[in-house]
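Please look over the sequence and the three-dimensional structure shown here, and then read the briefing that follows, which is arranged by topic.

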Amino acid sequence: MNTPPSPSGAEHTHGSSIRLGALVPLTRPGWVEAGRHLLAGLDLAVREVNDAGGIDDRPLELVVRDTAADPERAAAAVDELAHLGVAAVVGEYHSVVARAAAARADALGVPFLCSSAVLDTLTEEPTEWVARLAPAQSYGWRIYGDFLLRAGRRRIAVATQPSVYWASGTRVLRDHLAPRGGTVLELDATLTPEALCDALVDHGATALLLLVGHPEPAVPIVRAVRGDRRLAEILIGAPAGQPEFAEWATALGEDGAGIPFLRYLPERLGPLGERVGKELRERLGEAPSFVAFEGWDTVAVLAAVLRSHGTDRAAIAESWPRVAVEGTRRPIQFSRTPGISVWQWAWTPIQVVDRDPAEPDRFRILHAG
């Protein structure tokens with residue numbers, strides 16, 4: 001699916017448009033709800049830029065491409081967008097997809113500001129062309145590991161599927177927990193939910209982390225564990241953020257509450273975040289996730305870069321270390337971070353939250369990093 005360019009307030013400006021390519025998962029097997037929130041944030045920010053006169057009287061124009069969580073499709077989209085003359089590429093939610101897009105952007109010399117993917121190694125070698133707003137997985141998941149330890153959970157089982165992203169997360173948790181008395185047991189998510197429950201009992205696990213896709217197999221696993229009296233005291237966790245979105249609560253109801261996950265928001269938004277959050281809520285018809293804020297912040301950064309450095313691709317890439325932008329969640333600047341191959345915002349606020357069992361539409365902050 002190729003989504004047409006967004007008009008986003010272009011009628012308020014007069015010059016030829018400045019195109020930004022946007023990579024977003026809008027169809028299955030992509031996480032469609034995350035894609036919808038990401039696109040809402042990108043599109044709102046573009047409209048606000050254009051309503052304020054654009055960039056030197058030139059409107060921004062989003063050229064949206066659906067990645068459908070397919071790395072090859074994303075790489076092909078970067079090729080196409082580069083040929084269309086975009087000043088930069090933005091977006092993407094899925095880490096393995098963003099990695100493919102980043103590699104292609106690096107090879108073509110196209111700036112890529114990654115909104116929402118966390119895999120540490122977005123590119124195999126350090127690159128000047130790619131910057132990222134989301135925190136690196138090694139940073140966020142260590143904070144999640146600290147939460148588990150503080151909650152007294154040291155015998156951790158992970159239900160996992162084959163993926164660079166899940167393997168990386170497992171490694172981060174194991175490396176962080178082992179020196180602190182924790183253990184990590186990997187369970188293949190292809191086990192039947194009943195067999196997985198038996199394995200949890202046999203190993204005396206005190207927590208089960210869902211390093212798996214949503215809704216399958218995450219939803220049936222949660223239902224099985226919640227329905228097994230032997231596992232009444234086990235903590236189910238989902239560091240990748242599956243419970244953030246409304247479809248989780250719709251699918252699982254009360255069973256989906258009390259499952260801690262990572263999200264990238266401060267305890268309290270400032271005036272800018274409150275204003276943007278209100279606009280996003282109106283657009284989405286529901287509370288905006290952190291992914292929607294990531295989308296808005298992405299365009300805010302690029303708009304500032306375009307105003308200061310113009311539309312030349314090399315000039316945009318050279319500007320990453322000089323970015324200083326007020327984001328919705330705190331001021332944004334990029335730096336070189338050890339072990340991270342791209343320009344990194346270090347760091348967005350991070351919380352461990354869950355849905356309140358007494359009120360599943362309300363989130364509780366359990367831990368902050």
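**An enclosed strand and its surroundings**

Strand S2 is covered on both of its faces, since Leu 60, Leu 62, Val 64 and Asp 66 on one side and Glu 61, Val 63 and Arg 65 on the other are all buried, where buried means under 20% relative accessible area, exposed over 50% and partly exposed in between, with a 1.4 Å probe and protein chains only. Seven of the seven residues of S2 (residues 60-66) are buried, so this strand is largely enclosed by the rest of the structure. The model is predicted, so that local features need pLDDT of at least 70 and side-chain atom pairs count only at pLDDT 80 or more, whereas totals for chains, interfaces and linings use all residues. Residues are numbered from 1 along each chain as its sequence is written, and side-chain values use heavy atoms, with hydrogens and water left out.

**Parallel pairs and their crossovers**

- Strand S1 (residues 18-24) runs parallel to S2 and is joined to it by seven bridges; strands (E, at least two residues) and helices (H or I, at least four) are DSSP runs numbered from the N terminus, and two strands pair if DSSP finds at least two bridges between them.
- Within this pair, Arg 19 stands opposite Glu 61 of S2.
- From S1 the chain crosses through H1 to S2 in a right-handed β-α-β crossover, a term meaning that, with the strands pointing away from the viewer, the path from the first strand over the helix to the second runs clockwise.
- Strand S6 (residues 155-160) and strand S7 (residues 183-188) also run parallel and are joined by six bridges, with Ile 156 having Val 184 in S7 as its bridge partner.
- The path from S6 to S7 leads through helix H5 (residues 164-177), and this β-α-β crossover is right-handed.

**Helix packing**

- Helix H1 (residues 32-51) packs against helix H10 (residues 290-309) at an angle of about 35°, with the axes 7 Å apart; axes are lines fitted to C-alpha atoms, for helices over the stretch in contact, and angles run from 0 to 180 degrees between N-to-C directions.
- The crossing of H1 and H10 is right-handed, a crossing being right-handed if the near helix is turned clockwise from the far one by less than a right angle, and left-handed if anticlockwise.
- Among the residues that meet here are His 37, Leu 42 and Glu 48 in H1 and Trp 296, Thr 298 and Arg 307 in H10, contact meaning heavy atoms within 4.5 Å.
- Leu 42, which lies in helix H1, is buried with a relative accessible area of 0%.
- Leaving aside neighbours within four places in sequence, the contacts of Leu 42 include Ala 22, Val 24, Leu 62, Trp 296 and Val 299.
- Helix H2 (residues 71-83) and helix H3 (residues 95-108) pack at an angle of about 35° with their axes 8 Å apart, and their crossing is right-handed.

**The antiparallel sheet**

- Three strands form an open sheet in the order S10-S15-S16, with antiparallel pairing.
- The edge strands, each pairing on one side only, are S10 (261-263) and S16 (359-368), and the twist averages 45° from one strand to the next.
- Three bridges join S10 to strand S15 (residues 351-356), and Gln 351 in S15 is the bridge partner of Arg 263.

**Cysteines**

- The structure holds zero disulfides, a disulfide being a pair of cysteine sulfur atoms within 2.5 Å.
- Cys 114 is buried at a relative accessible area of 0%, and Cys 197 is buried at 3%.
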